[in-house]
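I am opening my notebook on this structure, and I want to write down what I looked up, beginning with the surface and then turning to the sheet.

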Amino acid sequence: GINAEYMGGRVLPEGFGKSKMSVTRSRLHKKRPTGGVRHIHRKKRKFELGRPPANTKLIGASAKEKRRVRPVRCRGGHIKWRALRLSEGNYSWASEHSTRKARILDVVYNATSNELVRTKTLVKGAVVQIDAAPFRAWYERHYGIYLGKAKKKDTKDKKDAAKKVSRDRLKRWAKRAKKRSLDKALEAQFKSGRLLARVSSRPGQVGFADGYILEGKELEFYSKKIEKKKAKK
């Protein structure tokens with residue numbers, strides 16, 4: 001049997017793994033490098049099995065649909081988790097060594113095809129917009145600086161907030177502020193509430209759409225690509 005801990009506590013449906021052979025990745029039907037026709041001398045093989053693509057779709061937070069992931073039994077008894085519907089993922093902020101779960105808001109760019117952007121398909125390498133709130137909250141706790149539009153607070157609220165912060169925390173903030181550096185382009189994104197990120201996991205294989213926030217030259221590169229695409233419209 002398959003260990004439940006290995007599957008992350010996920011339960012397999014009835015009749016799992018009982019699928020018929022159909023699509024094959026065999027290249028026997030292709031011509032030889034010389035141009036000659038190959039004569040198919042054997043039948044399909046299990047190790048050449050092909051499966052339809054996952055085409056993982058992005059669903060909104062307000063949508064009635066929930067996160068949908070299906071197990072696929074593979075060669076050797078291994079399991080792949082085929083994500084069909086996703087709405088969030090774990091994203092890392094490399095320069096700050098911080099990772100937070102964030103909601104995926106939109107798919108904005110894909111080097112493969114604009115069709116994947118139109119249909120909001122999540123694949124590895126896709127550039128997406130994620131919610132900035134989890135990272136903004138972490139930054140405020142870590143540095144004592146709020147990234148975003150200035151909050152409108154009364155003078156009484158400001159005095160109360162200053163009293164709540166301990167001296168030790170103020171010392172830590174002052175120490176961290178010496179090494180603090182933030183890209184201007186990234187800071188502007190925090191004000192809009194949406195961050196550009198790139199999906200680095202394979203949703204159709206692992207069941208998650210995890211990735212990292214774009215920074216520096218990479219952010220500049222993809223920003224130009226997105227602006228160029230908008231200009232064509």
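I began with the accessible surface of the protein, which comes to about 16,500 Å², 50% of it belonging to carbon and sulfur atoms; accessible areas come from the Shrake-Rupley method with a 1.4 Å probe. I note that this is a predicted model, in which local features need pLDDT of at least 70 and side-chain atom pairs count only at pLDDT 80 or more, while totals for chains, interfaces and linings use all residues. Residues are numbered from 1 along each chain as its sequence is written, and side-chain values use heavy atoms, with hydrogens and water left out.

Next I looked up burial: of the 233 residues in the protein, 30% are buried, meaning under 20% relative accessible area with a 1.4 Å probe, protein chains only.

I then found 7 helices and 8 strands in the protein, where helices (H or I, at least four residues) and strands (E, at least two) are DSSP runs numbered from the N terminus.

Which strands form the closed barrel? The barrel of 5 strands runs 4-5-6-7-8, with mixed pairing, and two strands pair if DSSP finds at least two bridges between them. Strand 4 (residues 88–93) and strand 8 (residues 211–213) run parallel and are joined by 2 bridges, and I saw that Ser 92 stands opposite Tyr 212 in strand 8.

Finally, I followed helix 5 (residues 184–192), which packs on the sheet and touches strand 4, strand 7 and strand 8, contact meaning heavy atoms within 4.5 Å.

Methods
Axes fitted to C-alpha atoms, helices over the stretch in contact; angles between N-to-C directions. Buried < 20%, exposed > 50% of the residue type's maximum accessible area, 1.4 Å probe, protein only.
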